[in-house]
Amino acid sequence: MSLKTRFTELCGIQHPIVQGGMMWVGRAELAAAVSNAGGLGILTALTQPTPEDLLREIARCREMTDKPFGVNLTILPSVNPPPYAEYREAIIGSGIKIVETAGSQPKAHVEHFKAHGIKVIHKCTSVRHALRAEAIGVDAISIDGFECAGHPGEEDIPGLILIPAAANRVKIPMLASGGFADGRGLIAALALGADGINMGTRFCATREAPIHDNVKRLLLRNTERDTNLIFRKFRNTGRVARNSVSDQVVEILSRPESNFEDIAHLVRGAQGRVALETGDLDAGLIWAGQVQGLIDDIPSVADLIDRIITDARTIIRERLSSFVL
């Protein structure tokens, strides 16, 4: 069974399930597996060291799937920003037709992608940001509730409120993101007004995810309580898995006199990559959401997506229909 929504029609996919772009994780192995299973896989542009490397990764993904997949380009303030325009041109030149953008000041990128016939999904953490993205012409919104891994914004609005609040006002297709792992979540998202779900942490705990088994087993062991919120005092809140590194970051930043320099050595992205690739769980930050509490196995991507859709069908046909008199 397929679930047909505005989002599946927009992107030409079978199931309304998207694998969000994740730094160091959004590689060809995972993206192709998601797309082959009927969802939408996403490569993460900045995981690749150069735009030329991104072109090679896109080509590698095309060797693994003939289904639609996209590329994530996250735009964040930085002292030494990556060459965003060059990554953008690589995406356009490769013939990619779907892009997920995230971060600040996306307007110039969105306009350039749209001018080349590319569909743009923009990730947002508030209704007002979603409306701004809609106004500049994006094709779909991914709305991130407070449960999500990564950067949930500064307003702490959980998905149960944020998704329908956005659905009340956003007219274009919308994905629900943050806290999704199974068929129950998919049906809940659709009931709240979304057109599909975006999963990150759950796809990390699959066989195809290009990260160390120690990290996958950590996600399996952890509960919904095993995350830390970091960078709150800098108004750049991030949600990460709880480990010795994130515990130390929280402790240091709880001191009134602390500043970013006090934790810089702990939060470098390169150290997080070491953790993901070597399985040293205390090497750096591991980004994960509260959905860890709903993960109890490490299936293949195909088995996971099939289970989500099968469970969603059962909920619609059996559980929900039994309530109607």
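This is a predicted model: local features need pLDDT of at least 70, side-chain atom pairs count only at pLDDT 80 or more; totals for chains, interfaces and linings use all residues.
Local features need pLDDT of at least 70 and side-chain atom pairs pLDDT 80 or more, while totals for chains, interfaces and linings use all residues. Numbering runs from 1 along each chain as its sequence is written, and side-chain values use heavy atoms, without hydrogens and water.

**Exercise 1.** Describe how helix α4 packs on helix α5.

Solution. Helices here are DSSP runs (H or I, at least four residues), numbered from the N terminus. Locate α4 at residues 84-94 and α5 at residues 107-115. Next, take the axes, which are lines fitted to C-alpha atoms over the stretch in contact, with angles from 0 to 180 degrees between N-to-C directions. These axes come within 11 Å and cross at roughly 20°. Therefore α4 is roughly parallel to α5 (angles under 35 degrees count as such). Contact (heavy atoms within 4.5 Å) involves Tyr-84, Arg-88, Glu-89, Ile-91 and Ile-92 of α4, and Ala-108, His-109, His-112 and Phe-113 of α5.

**Exercise 2.** Find the salt bridge of Glu-277 and say which parts of the chain this pair links.

Solution. A salt bridge requires a side-chain nitrogen of Lys or Arg within 4 Å of a carboxyl oxygen of Asp or Glu. By this rule the model has 18 salt bridges. The partner of Glu-277 is Arg-27, at 3.5 Å, N to O. Glu-277 belongs to helix α13 (residues 269-278), whereas Arg-27 sits in the loop between β1 (17-19) and α2 (28-36). The two residues are 250 apart, so distant parts of the chain are linked (strands such as β1 are DSSP runs of E, at least two residues).

Methods. Angles under 35 degrees count as roughly parallel, over 145 as roughly antiparallel, 65 to 115 as roughly perpendicular and the rest as oblique.
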